[in-house]
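Open the structure in your viewer and keep the selection tool ready. Each stop below says what to select and what is there.

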Amino acid sequence: MSKFAEVFGVEPDGVWRAPGRVNLIGEHTDYNDGIVLPIALPNQITISASARTDGVIAVASSGQNDVITFELDSLAPGSVKDWAAYPAGAAWVLREAQYGIGGANLLVESDLPSGAGLSSSAALLCASAVALLGLRDLEVDPAEVARLAQRAENQYVGAPVGLMDQMASMCCSAGHALYFDIRAMTTDQIPFDPAADGLALLVVDVKAPHRHVDGEYAARRQSCEQAAAELGVPALRSIAVEDLDEALTRLSDDVVRRRVRHVVTEIRRVEEAVALMRAGQLRDVGPLFTASHVSLRDDFEITVPELDVAVDTALAAGALGARMTGGGFGGCIIALVDSSTATTVLNAIEKAFAANSFTTPASLDATPSTGASRLS
Ligand code: ADP
Ligand code: MG
């Protein structure tokens, strides 16, 4: 008997999946109308589902013991707590948007680490949404599902997240990075296939406890908004690198000045990385990764010793470039390496972590993968 039948007493009608993501470059430019460049990971949330006719949604996760049930008709922001808030939020937002979804049994399975900055929350929302829609054969544009999933995370779960994670989980394509211009609200698929060039992208979860993340995130956003107001622009995207020095002279606070310098130079680095990728010069993207890390460490000040040690060690062991990825204060680093040095770099990071008495890090396969889909 399948795990699904064991839990729900029926066989599933279908199986859906939605992946996690890492951002290649462009950190903290999203709320400045900037540009981000995520790839979808092979690691994903999988949801087996069967339709119910009683207007009830029952959810189980292989990581949790209980089946949690709630009525579709009585969903309201915050009405379901803990992890089940994500599938409940997906159901709530689809109903709010007038999609004719019905009751369902949902079994969540995952090989995507939770809380590691790889966006398991968006993957869970997106997988729930595509399963609920798929059970009723409702076809919805992936970018629209992403916007709905963001709304669910903002309004139902109560997390003030941007749109990158959901867009990555829904819209990424294998062998590509997703260029997502937040000001223009446009996307483009950028060829990104390190293996084809004898390279590999390593993702290392540094397993650092997230410290003060919410407060620090709010403070960074606030600094950026303050700077945009002082400079008289709608968002820092409006400041070109060529005008940066002049703009910095008009700011009153030195910390704010450094925050602005990160955002403005980071947007330029995204543009440069994309141009190199389009030109097939993937190796040359490495130094941009490293410059991005230095900017996040010294100007934006969101790294922690684990992230810095992982990046410094990767570079010393021969990586072409390395940087923290995600919100900061923990999470993961990425490193671009020659395939032949991948093991050397990973071993060096493990050794450095042991020498610093850090928790043993974990590495993940980062083959650029495809967005949410139906599996069967
Ligand atoms: P991230 O998105 O970086 O992984 P978040 O804190 O945003 O971290 O989201 C993690 C939350 O997502 C978990 O606390 C849990 O509520 C939910 N979640 C993630 N994976 C699963 C899973 N397999 N089963 C149930 N809930 C999950
Ligand atoms: Mg999340």
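The tour goes from the ligand to a nearby loop, then to a sheet and its helices.

**Before you start**

This is a predicted model, in which local features need pLDDT of at least 70, side-chain atom pairs count only at pLDDT 80 or more, and totals for chains, interfaces and linings use all residues. Residues are numbered from 1 along each chain as its sequence is written, chains are lettered from A and ligands numbered from 1 in the order written, and side-chain values use heavy atoms, without hydrogens and water.

**Stop 1: ligand 1**

Select ligand 1 and the 15 residues around it. A residue counts as near when one of its heavy atoms lies within 4 Å. Ser61, Gly115, Gly117, Ser120 and Ser121 come nearest.

Now show the polar contacts (pairs of N or O atoms within 3.5 Å; within protein, one must be able to donate a hydrogen and the other to accept it, and residues adjacent in sequence count only if both atoms are side-chain atoms). An oxygen atom of ligand 1 sits 2.6 Å from a side-chain N or O atom of Ser120. For Ser121, the distance from a ligand oxygen to a side-chain N or O atom is 3.0 Å. At Gly117 a polar backbone atom is 3.0 Å from an oxygen of ligand 1.

How much of ligand 1 does the protein cover? It covers 73% of the 570 Å² of accessible area that ligand 1 has on its own. Such areas come from the Shrake-Rupley method with a 1.4 Å probe; for residues, only the protein chains shown count as cover.

Colour by element: helices (H or I, at least four residues) and strands (E, at least two) are DSSP runs, numbered from the N terminus. β6 and α3 each give two or more residues to the shell. The largest share, 3 residues, comes from α3.

**Stop 2: Ser119**

Select Ser119, in the loop between β6 (103-110) and α3 (120-135). Is Ser119 buried or exposed? Ser119 is buried, at 7% relative accessible area. Buried means under 20%, exposed over 50%, partly exposed in between (1.4 Å probe, protein chains only). Its side chain makes a polar contact with that of Asp165, at 3.2 Å.

**Stop 3: the sheet**

Select β2, β7 and β8, an open antiparallel sheet in the order β2-β7-β8. β2 (35-36) and β8 (186-191) are at the edges; each has a single partner strand, so one side of each lacks a neighbour in the sheet. Strands pair if DSSP finds at least two bridges between them. β7 (residues 176-181) and β8 share 6 bridges. One to find: Ala177 is bridged to Ile190 in β8.
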